[in-house]
Amino acid sequence: MKRPLRPGSGKGFAERLAELDEIEVRVEKLIEGGDGFARFEGIPIFVPRSAPGDRLRVCLSEHRPGYGRAEIVEILSPGDGRRDPRCPYFERCGGCDLQHLDYETQLRAKVIATRETLLRIGRIETPPKVTVVPGKPWGYRLRTQLHLGEGIRGLEAGYFARGSHELVAVESCPVLVPELEGALDGLPGLLGEVAHKRIDLTAGDGDSWTVSPPVEGLPQGEVKARVGDFVYAYDARCFFQAHRQLIPALVEHAVGPPDGEDGEADKDGGTAYDLFAGVGLFSLPLARRYERVVAVEGDRVASRYARRNARANQLAGVEVERRAVDSWISRLPPKAAHVVVDPPRLGLIHNVRKTLLVRRPRRLTYVSCHPATLARDLGQLRSGFRIESLTLLDMFPQTGHMEVVAQLVDREART
Ligand SMILES: C[S@@+](CC[C@H](N)C(=O)[O-])C[C@H]1O[C@@H](n2cnc3c(N)ncnc32)[C@H](O)[C@@H]1O
């Protein structure tokens, strides 16, 4: 019997894959991001758009020293969670990765991938129970970026194809909220001679939506959305969470239950810090719990909205600082009551992690859209903080993305 080649065994490993064209594999599980994981002679092979349990004939598309990538040629026997994708563009479009899986299978795969990522990267061996909050699987997405290009029928709008910058023109997209999906049909005609390469569309409440950059004849400017007790204004230039129906749950898991349940009882005289605050999604509910909230946001447009949103919701205790968190962080005082961090996919840079460990807030809430950087950061923060809970919110059904909220408390603080 041939001995399995071990990943990392260098040239022989890549050469063995290069000798092969099509191979048969069985998909063991999905990994973070949504690709299937299989092994061939011990070599890890990653297969996009596969399902756990699939037996597949695949064609190798990439040979790397430690692993290979492959595309499905034939499904020899399907895994349990397979179903037909709903969207006619799924085969080519790079927007979704998991439409071929039923929703239960998607959720299960995300929990397994999150646990494995925490273990592999953060060395977090026994994460506390992961709470899972499912999302409405279709018609949820409040924001989208469309690419524009010249096609055979004139100007076309759509998404990039999987793994390339080739435009896949779309007239529908079932993950979008209905008003944005409705806007897709006939959009290129409205765009006319527009010179932009891409446009951002964002929806608010009550069928309102807006685009950026401005296009004559299309709605522009701000929209508003109510989340719990607060109304937030924003526009298509700035970040706003993408899953319409799950935003209230995200706020509750990050900040705590709304007033009336335990909000008033928990009112704390201290200061809370909302770092990477966007338009103030967490700052406003934090202001109901703490005397003062310092919201730090680097983007000019978002920080202006954060200031306005605090004023419009009559929350005088919110101070918005337009600064990069990386340079502001030295101003964080020791033993703050609560710090919320919600960084972009890159996670926290080294000096932010280091300062959090030194200044040691009593509660640290980490909201993450990328489990790999969350795992790296928690792996370090764990030396000063105890992980109290982890919640996976499925803010991006049909895709491999997910949102995780980690609640951490100072290891030395008395409970
Ligand atoms: C994932 S969003 C979170 C926004 C907000 N917490 C929310 O839930 O709506 C990250 C935000 O951080 C901002 N940002 C990115 N890098 C930053 C930095 N180095 N310093 C300050 N803000 C930054 C972005 O403009 C964006 O608004």
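Helices (H or I, at least four residues) and strands (E, at least two) are DSSP runs, numbered from the N terminus. The structure described here is a predicted model, in which local features need pLDDT of at least 70, side-chain atom pairs count only at pLDDT 80 or more, and totals for chains, interfaces and linings use all residues. Residue numbers start from 1 along each chain as its sequence is written.

**Ligand surroundings**

The shell around the ligand holds 19 residues, and the closest are Phe276, Gly278, Gly298, Asp299 and Asp342. A residue is near a molecule if its C-beta atom, placed from the backbone, lies within 6 Å of it. At least two residues of this shell come from each of β15 (290-297) and α8 (325-328). By class, the shell contains 12 nonpolar, three polar and four charged residues. Here Ala, Val, Leu, Ile, Met, Phe, Trp, Tyr, Cys and Pro count as nonpolar, Asp, Glu, Lys and Arg as charged, and the others, Gly among them, as polar.

**A five-stranded sheet**

Five strands form an open sheet in the order β9-β8-β7-β10-β11, with antiparallel pairing. Its edge strands, β9 and β11, each pair on one side only. Two strands pair if DSSP finds at least two bridges between them. Within the sheet, β7 and β10 run antiparallel and are joined by five bridges; threonine 144 stands opposite leucine 201 in β10.

| Strand | Residues |
|---|---|
| β7 | 143-151 |
| β9 | 167-169 |
| β10 | 198-203 |
| β11 | 209-212 |

**Helix α2**

Helix α2 (residues 103-122) comprises 20 residues and reaches 28 Å from its first C-alpha to its last, close to the 28 Å expected at 1.5 Å a residue. That expected span is 1.5 Å times one less than the number of residues. Among the buried residues of α2 are Leu107, Lys110 and Leu118. A residue is buried if 20 or more other C-beta atoms, placed from the backbone, lie within 10 Å of its own, exposed if 12 or fewer, and partly exposed in between. The buried residues of α2 pack against several elements, including β1 (22-30), α10 (371-381) and β20 (403-410). Just after α2, arginine 123 takes a positive phi of about 55°.

**Leucine 250**

Leucine 250 lies in helix α5 (residues 247-255). This leucine 250 counts as buried because 23 C-beta neighbours lie inside 10 Å. Leaving aside neighbours within four places in sequence, leucine 250 is in contact with Gln241, Leu393, Met395 and Glu403, contact meaning that the C-beta atoms, placed from the backbone, lie within 7 Å. Histidine 100 is 150 residues from leucine 250 in sequence and 26 Å from it in space, C-alpha to C-alpha.

Conventions
Two residues are in contact if their C-beta atoms, placed from the backbone, lie within 7 Å.
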